Amino acid sequence: MSISPIIFLKNVDSIYEGESRPTIKDINLKIRRGEFVYIIGPNASGKTTLLETINGLVRAIRGQIRVFGLDLKKNSQKIRKNIAYMLQTWDIEPDEPFLVKDIVMMGRSGKLGTFINPRKQDWELVKDCLEIVGMLRHYKKPIGKLSGGEQQKVFLARALAQDADILMLDEPFSNLDTDSRSMVLDILRNYKQRKNATILVVSHFLSDVSFQIDFIDRIVIMQEGRIIMDGSPDEVLQSEEYICLKTNRS
Amino acid sequence: MIFFSLDLMLKLIFAGILAGFASSTMGVFVVRLKMTSIGYCMAHAAFAGAALGMLIDNYLILASINLNINLPLIMAFLFTFLTSILLGPLSEKTKLDVNVILGFLFALMLALGFIFLSFLPSGVISSQAVSVLWGSIFGVMIEDLIALAVISALIIVFLIFFYKEFLSIMFNKKMALASGINVSLFTFIILLFNGLVITFSINIIGALLVYALIVNPASTSFQFFYDMKKIFIFAAIIGIADSVAGIFMSLFFDLPVGSSIIIVSCIVFISAVIISPKRRWKMKKQKGIDEWNNTN
């Protein structure tokens, strides 16, 4: 018996507000519960758009999208509460008036629901998530006073605090050194095992995690808004598409 | 110096406290969400609406019709609210930048306001119209106070119950949407309260100046704190202090009340900018980044 996919996209085109042409075209993708999918591709290949199409932030103009078995068009808000999404860029100003603890708690805002204020156990969870990423010492610090790498860890803690079944991370390693990348991968591995969560990571290239490639279940290569390769790491690493991508990059 | 009865003094101070609290609390949203241009436009729409309301009111009085409603206030609110909710769709339909639409509406509302006023009999212009434009100590009515008290109470209730939603939206709208918050609904609530605060504050501050009381105390508070809770509390305190100090300044020096309140709030804001530890830290950090960029 086949298990229905947790994320299902069929012939999807999607478009950003104000644009005239779709950013991603004819996307077909099935992702099962508990899979770790790495999405790679050059700049402007549609990787971020793909993530934002899955959580409904970008409008699909064609095709069918189902997440958790629900039609995204009719259930976008409900679906989003169970997808933690970490943006690529945040534009944090040095005088940003937000504390680390409040930003991590924001991850729980949607899930807690309207009229329910954070309870003691929610604040405990915030502390736990900050401890996991090694940022608990900055609990009451303003976010603008942290370095780029520290901010990235805080946003990862925010995503973890949502306690969602799908985790989507856009360039989560961009500001991190090798040790921190390794730490983040370990965190993701534990999260996936604990919750049987589905994890989607977007990155320019595989070098971010090449030292722990075994951890990845699938690699998707995108180019010019289309999926040009989708398979296991072994299949993708030997494919012409991957070699071509690697050659163009170097 | 002008002397008033205790009743009138208390009414004035109470109006100052309520207008100061409601305006400055909404100001925190306006400043953080960079909605100041929308706010200015709403204030001018309130002026146009109030002027139209006065005009209709006068014709009704001439026709011996008494509706027993405060038409200028109702029209001010309608104009304000319609302006705020029409901005987005107008910009989308015409494919024009929101700022272009804002500039257009801003001028249109001001022009409409003055046209409506020009149709009023001359005696009315000197009393009611001046009160709407610049605010007046005598323009404050008990209905305004009750309305401002209700609005202030509602703002507090909404902040208590929906603080986490408002905080998320103020941090990053896209992320708030991604975590499952109904961003459109809460943005609508912010615009609605903004419209209400502007409408019921114009009798004391004046339509052309009310927005400064929304922006200045909140901007002052942003100069000192990194925690939004403290920013809200301090903005409210500054807003109340500015209003009460402005009212006393107006009484002592026989100046228009709205202008006096705004002069006080501007002085407080300028002082805050000068001594702001946050601004100094930001400048120091920016200087460091610039130096690093120049050497690399």
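1. The six-stranded sheet. In this predicted model, chain A holds an open sheet of 6 strands. Read across the sheet, the order is 6-7-8-3-9-10, and the pairing is mixed. Strand 6 (83-86) and strand 10 of chain A stand at the edges. Each has a single partner strand, so one side of each is left without a neighbour in the sheet. Direction ignored, neighbouring strands are turned by 15° against each other on average.

2. Look at strand 3 (residues 36-40) and strand 8 (residues 198-203) of chain A. They run parallel and are joined by 5 bridges.

3. Strand 9 (residues 218-223) and strand 10 (residues 226-231) of chain A run antiparallel, with 5 bridges between them. Here Val220(A) stands opposite Asp230(A), which belongs to strand 10 of chain A. The two strands form a hairpin with 2 residues between them. Which residue of this hairpin takes a positive phi? Glu224(A) does, with a value near 45°.

4. The four-stranded sheet. Chain A also has an open sheet of 4 strands, in the order 2-1-4-5. Its pairing is antiparallel. Which strands stand at the edges? They are strand 2 (24-31) and strand 5 (70-71) of chain A. Each pairs with a single strand, so one side of each has no neighbour in the sheet. Strand 5 of chain A pairs with strand 4 (residues 59-67) of chain A over 2 bridges, in the antiparallel sense.

5. A helix across the strands. Helix 1 (residues 47-54) of chain A lies across strand 1 (7-15), strand 2 and strand 4 of chain A. Against strand 1 of chain A, helix 1 of chain A runs at about 115°.

6. Where the chains meet. In the interface, 30 residues of chain B are in contact with 38 residues of chain A. The area buried between chain B and chain A is about 3,100 Å². Carbon and sulfur atoms give 62% of that area. Which three residues supply more than any other three of the area that chain B buries against chain A? They are Lys164(B), Phe171(B) and Tyr226(B), with 24%.

7. Polar links at the interface. Between chain B and chain A, 8 residue pairs are in polar contact. There are 2 salt bridges across the interface. Lys174(B) forms a salt bridge with Glu52(A), and the closest N and O atoms are 2.8 Å apart. On the side of chain B that touches chain A, the elements giving two or more residues are helix 6 (142-171), helix 7 (173-178), helix 10 and helix 12 (277-295) of chain B. Helix 6 of chain B gives the largest share, 9 residues.

8. Confidence in chain B. The mean pLDDT of chain B is 86, and 93% of its residues reach 70 or more. Confidence is highest in helix 10 (residues 228-253) of chain B, at a mean of 94. Confidence is lowest in helix 5 (residues 122-134) of chain B, at a mean of 67. Where pLDDT is low, the predicted coordinates should not be read in detail.

Notes: Residues numbered from 1 in each chain as written. Chains lettered and ligands numbered in written order. Predicted model: local features only at pLDDT ≥ 70, side-chain atom pairs only at ≥ 80, totals over all residues. Heavy atoms only, no water. pLDDT = per-residue confidence, 0-100. Pairing = 2+ DSSP bridges. Contact = heavy atoms within 4.5 Å. Axes fitted to C-alpha atoms, helices over the stretch in contact; angles between N-to-C directions. Buried area = accessible area lost by both parts, 1.4 Å probe. Salt bridge = Lys/Arg side-chain N within 4 Å of Asp/Glu carboxyl O. Polar contact = N/O pair within 3.5 Å; in protein donor to acceptor, adjacent residues only side chain to side chain.
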